[in-house]
Amino acid sequence: MAGSARVDQHREGDVLIVTMVNPPVNTLGRPLRRDLLAALENAEADPTIKAVVVTGRGNFSAGADLAEFDSGEGLAEPTLHLTIAGYLDSMKTPTIAAITGVALGGGLELALACSARIAERDSRLGLPETTLGFMPGAGGTQRLPRAIGIEAALDLIMTGRSVDGSQALSMGLVDAIDSDVIAAAIAMAARLAASASASANANAKPRLRDDAVEEPLAEALVEAARRSAARNPRVNAGVLDALAALSAAVTLPFDKGLAREFELFRSLALQPEARAARYRFLSERAAGRVPTPDESTTPVSRAAVVGAGTMGRGITLALLGAGVVTTIIDTDLERVDSAVAAIAAELERSVSKGRLSGRQRDEQLASLTGVVGLDGAADVDAVIEAVFEDLQVKIDVFAQLDSIARPGTILASNTSSLDLNLIAGATKRPESVVGMHFFSPANIMKLVEVVNGAHTAPATLASTVALAKRMKKIPVVAEVGPGFIGNRIFDQYLRQANSLVLEGLEPSRVDRVLEAWGMAMGPFRVLDVIGNDVPWMARRAAPGAKDPAWAIADAVAERGWFGRKSGIGWYRYAADGSSSPNSEVGSLYSPGRGDRAIDDAEIVERCVLAMVREAADVLEAAIAASSADVDTVMVNGYGFPARHGGPWFFASDLGFDRANRAMVKWARVTSDPFWEPSTFLRSREDRPTP
Ligand code: T1G
């Protein structure tokens, strides 16, 4: 075996096998690109090498290294786009891509520049770039339609979905599937080498660039897709630019189309939306990286969920989906039975929607039991408590679990607001107690705040994070503190929205403006969903003086306008599901009474910067480990617009200096002590890195 750091090379007769080795997923960072190009050049210069097989250890390649773009390395030579793919095209020696695992983005584009492709049946092939707010930039928009036709190419590029080896074969994306791709590629190499040497033409090997997109309707199809995408406000710039490049593929010669693709790609890659998408991808993965201590972590194969309400059911579904044998526990049989029936119905719904096979449903149902009483938690690896959000109730449950669960069992509480340390204190094993704050519906929402108690053992924390990942969640570690990360920050956003109403704005206007900016739901709509009684009761129970910012929210709750569940809150809800602003709210304040006009930009700035201001305190107090964690929480749990990356990313884009000056201004204009400057924030540098 010979080769450079990131590429292994070995010969099988006159075939050279070039293996990319950049674990875990062979991203095409600059060092790998350099080594790969050098290996190809050497092979081409060696007359005894008749064909080259390009493959990857483990995975073929997950494409460009998303961490490289902001430093400029992603677009530095040798680029995948023109240099490597161009070199593959220019080689006389035939090249065969042998695909195992994933061939995504630039990985698939590399394979498309080879003379032929062979994949394993269960490999995953696709161009997911548009899901990251940008577009294929290494020939994908030009070679893919030549390989599989324009209609299938439009589908794969616009949706970003991937296909497996069998599907890839039937659409012509690969030439063969095989369980031993290297052996199959060597056999194919011999055939290609023979026909290349038999031909007088130096370029006798197959190249997609030599094909034309031959469908008569190709142009019309791309045009139709462009027109409909342009009308859809939810379609991102990546899709629109990819369509422009596909249009070039069907109207221009190959090299011109390729140049057009690269030009579009290069400018798009540096746009804020694409930057935010890459940042999100890397932040979400960084959040799940917690140190795994030497002490053994607990692999969870059996779990119990205590509390058969909505939350408990959602958590149970997520556990079953992760292959965990689960017991759902409550205090009476009726509640247990109805939870089991509801879970079965949900699994059935997943089957009818094609998300689950009948066999998977049967396996998950067989892994589910419902029992009355905490004895059901006696022989499991993890217990997740999801009972009523009341400290005494939770303390009682944990004290009992302490005497029932075997040693080493993870004891997790789904509390969203209570002090985990007090809950852990009810047991003689606080090292096994941890928080798992799920979001509703827990089978759908991705975020889980994993709460690290004062005595939580590192092994307990690592096992819990691993369990959350298996449940297909995005775990973010939070330390104990009121509201952990997300609720604490979001509360200041809600409070700021309430202040704006006190200053004379209509709640529905505040909602409209923030929704137009990209929040999934305006603050008053959110409050109506949560139930206006819930934070009201919490405020009443809290010690200290009343915060005047909540005066109208208190008045709304005092009138019994609890929101959706009571049919009236900040809005009125009709039986047909429609809603309209509750005009009576206007009698609680003075609409339009403000002594200055408040424009839409101020609404956005104050509500968003309120999150940033609170995030500064959360970070300073080390409740969250990094600003990337804060952003991951707000985007995945609170409807913060993904295209803005998260509140901290937003502030760094705006410039922390500008954000600070705005806060000084709001402190002066509103006389609200909340806006007191943060020295932590003042010392920040722009542009967060995960
Ligand atoms: N760049 C950088 N890091 C990446 C990465 C990437 N493309 N893909 C994965 N990683 C890291 C990830 O951060 C994690 O790191 C580890 O690999 C395992 O990932 C020119 C513009 C491949 C299906 O969009 O979809 O090519 O936490 O935890 O669940 O046109 O990662 O271990 O330190 O997600 O098994 C297009 C993105 C790029 C693929 C594996 N490619 N990746 O999933 O593990 S743009 C993508 C994925 C492009 C060209 C362009 C998944 C996966 P760490 P993981 P997984």
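The shell around the ligand has 14 nonpolar residues, six polar ones and five charged ones. This model is predicted, so keep that in mind as you look at the ligand site. Of the 25 residues around the ligand, five come nearest: G63, A64, L66, G105 and G106. Which elements give two or more residues to this shell? They are strand β6 (102-104), helix α3 (106-113) and helix α11 (272-287).

Now step back to the whole protein. It has 27 helices and 20 strands. Along its principal axes, the C-alpha trace spans about 90 × 65 × 50 Å. Is the overall fold compact or extended? A compact globule with 690 residues would have a value near 26 Å. The protein has 29 Å, which agrees with that.

Next, look inside. Of the 690 residues, 49% count as buried. Then turn to the contacts. Take the pairs in contact that are at least 6 apart in sequence. Among these, 72% join residues at least 24 apart.

G140 lies in helix α4, which covers residues 140-148. Follow L108 in particular. G140 and L108 are 32 residues apart in sequence. In space, their C-alpha atoms are 7.8 Å apart.

Helix α18 spans residues 486-502, and helix α22 spans residues 551-558. The two pack with their axes 8 Å apart. The angle between them is about 90°. An angle of 65 to 115 degrees counts as roughly perpendicular, so α18 is roughly perpendicular to α22. Which residues make the contact? From α18 come N498, V501 and L502. From α22 come A551, I552 and A553. By class, this contact has five nonpolar residues, one polar residue and no charged ones.

How values were computed: Residues are numbered from 1 along each chain as its sequence is written. This is a predicted model: local features need pLDDT of at least 70, side-chain atom pairs count only at pLDDT 80 or more; totals for chains, interfaces and linings use all residues. A residue is near a molecule or strand if its C-beta atom, placed from the backbone, lies within 6 Å of it. Helices (H or I, at least four residues) and strands (E, at least two) are DSSP runs, numbered from the N terminus. Ala, Val, Leu, Ile, Met, Phe, Trp, Tyr, Cys and Pro count as nonpolar, Asp, Glu, Lys and Arg as charged, and the others, Gly among them, as polar. Axes are lines fitted to C-alpha atoms, for helices over the stretch in contact, and angles run from 0 to 180 degrees between N-to-C directions. Angles under 35 degrees count as roughly parallel, over 145 as roughly antiparallel, 65 to 115 as roughly perpendicular and the rest as oblique. Two residues are in contact if their C-beta atoms, placed from the backbone, lie within 7 Å. The radius of gyration is taken over C-alpha atoms; the globule rule is 2.2 Å times the number of residues to the power 0.38. A residue is buried if 20 or more other C-beta atoms lie within 10 Å of its own, exposed if 12 or fewer, and partly exposed in between; C-beta atoms are placed from the backbone.
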